[in-house]
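Morning, everyone. Please bring up the model, and let's walk through it together.

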Amino acid sequence: QSAAAAWQSTIDARAEALTRLNEPLLAARSADLRDVGYRVLWLLVKANTRTVSLPDHPVIIVAQDLAPSDTAALDPGRVLGFCTAAGGPTSHTAIIARALRLPAMVSAGSRVMDLENGTLVILNGDNGTLTIAPDAKAIALAETAQRRQQARRRTAQQSALEPAVTQDGHRVEVAANVAGPAEAEQAVASGAEGIGLLRTEFLLNGQRRLRKRSNSRSIATSWK
């Protein structure tokens with residue numbers, strides 16, 4: 001076998017082994033393994049990484065599944081939410097969606113893949129429902145629910161810096177998982193008092209990208 005074929009068969013076998021585990025949290029990590037494995041595979045076959053062309057207006061994405069790297073690359077300004085046929089609520093895809101404040105519905109079943117592009121839908125991430133071709137009354141109810149949720153979020157933001165105390169007087173420390181300075185600033189603004197998990201690998205990748213851009217500028221300057 002070629003290196004690419006051997007790599008793919010190994011990744012698929014290991015991911016399938018994770019899927020069969022009785023622990024749902026670990027089983028959901030099979031998607032992470034496939035995500036990393038296929039990114040390496042693209043490099044082995046010297047293929048460009050996959051890109052998704054979105055319309056020039058906000059959309060709700062419907063897909064078989066989304067890898068964590070796909071989800072992290074979504075632009076909240078253009079993507080209002082997503083619905084996947086597969087996946088799970090404890091996957092990194094779902095975790096990243098919550099961090100991006102993107103409404104999401106996972107494990108909806110294969111029937112959602114029959115939807116035509118441009119179909120009008122209402123995605124409710126709170127109760128996990130996807131309303132297809134809603135009428136005017138359903139749209140009005142959804143818009144009212146959106147306004148209420150936005151109002152609750154504004155109220156919560158106003159008290160975000162107050163100490164977190166339960167109704168029976170128990171003090172709770174709020175910490176955030178962050179991958180860089182921008183997320184740390186957002187966490188502080190949302191009331192976090194510390195960092196629970198610092199994803200140092202993203203800081204390392206950021207430094208590598210900065211060095212690469214710096215080297216590119218130096219080369220360009222020398223050729224002027």
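Which residues make a nonpolar surface patch of about 250 Å²? They are Trp7, Leu44 and Val45. A word on the term. Patches are made of residues with over 30% relative accessible area and no salt bridge; like charges are joined within 9 Å, and nonpolar side chains (Val, Leu, Ile, Met, Phe, Trp, Tyr) within 5 Å. Accessible areas come from the Shrake-Rupley method with a 1.4 Å probe, and for residues only the protein chains shown count as cover.

Some ground rules. This is a predicted model, where local features need pLDDT of at least 70, side-chain atom pairs count only at pLDDT 80 or more, and totals for chains, interfaces and linings use all residues. Residues are numbered from 1 along each chain as its sequence is written, and side-chain values use heavy atoms, with hydrogens and water left out.

Now the overview. The chain has eight helices and nine strands. Both are DSSP runs, numbered from the N terminus: helices are H or I with at least four residues, strands are E with at least two. Of the 224 residues, 21% are buried. Buried means under 20% relative accessible area, exposed means over 50%, and partly exposed is in between, with a 1.4 Å probe and protein chains only. The accessible surface comes to about 15900 Å². Carbon and sulfur atoms hold 55% of that surface.

Trp7 sits in helix 1, residues 3–19. Its relative accessible area is 33%, so Trp7 is partly exposed.

Next, helix 3. How many residues does helix 3 have? It has 15, running over residues 30–44. From first C-alpha to last it reaches 21 Å, close to the 21 Å expected at 1.5 Å a residue. That expected span is 1.5 Å times one less than the number of residues.

Which residues of helix 3 are buried? Ser30, Asp32, Asp35, Gly37, Leu41 and Trp42. These buried residues pack against helix 1, helix 2 (24–27), helix 4 (68–72) and helix 5 (92–99). Just after helix 3 comes Lys46, with a positive phi of about 55°.

On to salt bridges. The structure holds four. The rule is a side-chain nitrogen of Lys or Arg within 4 Å of a carboxyl oxygen of Asp or Glu. Take Glu16, which is partly exposed at 34% relative accessibility. Glu16 bridges to Arg20, with the closest N and O atoms 3.8 Å apart. Arg20 is exposed, because its relative accessible area is 57%. Glu16 also bridges to Arg34, again with the closest N and O atoms 3.8 Å apart. This pair links distant parts of the chain: Glu16 is in helix 1, Arg34 is in helix 3, and they are 18 residues apart. Arg34 is partly exposed, at 25% relative accessibility.

Asp32 forms a salt bridge too, with Arg29, the closest N and O atoms being 3.8 Å apart. Is Asp32 buried or exposed? Asp32 is buried, because its relative accessible area is 16%. Arg29 is partly exposed at 21%. Shared partners join Glu16, Arg20 and Arg34 into one network.

Now inside. What makes up the largest nonpolar core? Nine residues: Val59, Ile61, Ala63, Leu66, Leu74, Val79, Phe82, Ala97 and Leu102. A nonpolar core is a set of buried Ala, Val, Leu, Ile, Met, Phe, Trp, Tyr and Cys residues joined through side-chain atoms within 4.5 Å. Strand 1 (59–63) and strand 2 (79–84) each give two or more residues to this core. Strand 1 gives the most, with three. A second, separate core has seven residues, including Met105, Val112, Val121 and Leu130.

Leaving aside neighbours within four places in sequence, Ala63 is in contact with Cys83, Thr84, Ala85 and Met113. Contact means heavy atoms within 4.5 Å.

Last stop, backbone angles. Most residues other than glycine have a negative phi. Arg101 has a positive phi of about 60°, although it is not a glycine. Arg101 lies in the loop between helix 5 and strand 3 (104–105). Arg101 is partly exposed, at 46% relative accessibility. Ala133 is not a glycine either, and has a positive phi of about 50°. Ala133 is in the loop between strand 5 (129–132) and helix 6 (136–158). With a relative accessible area of 57%, Ala133 is exposed.
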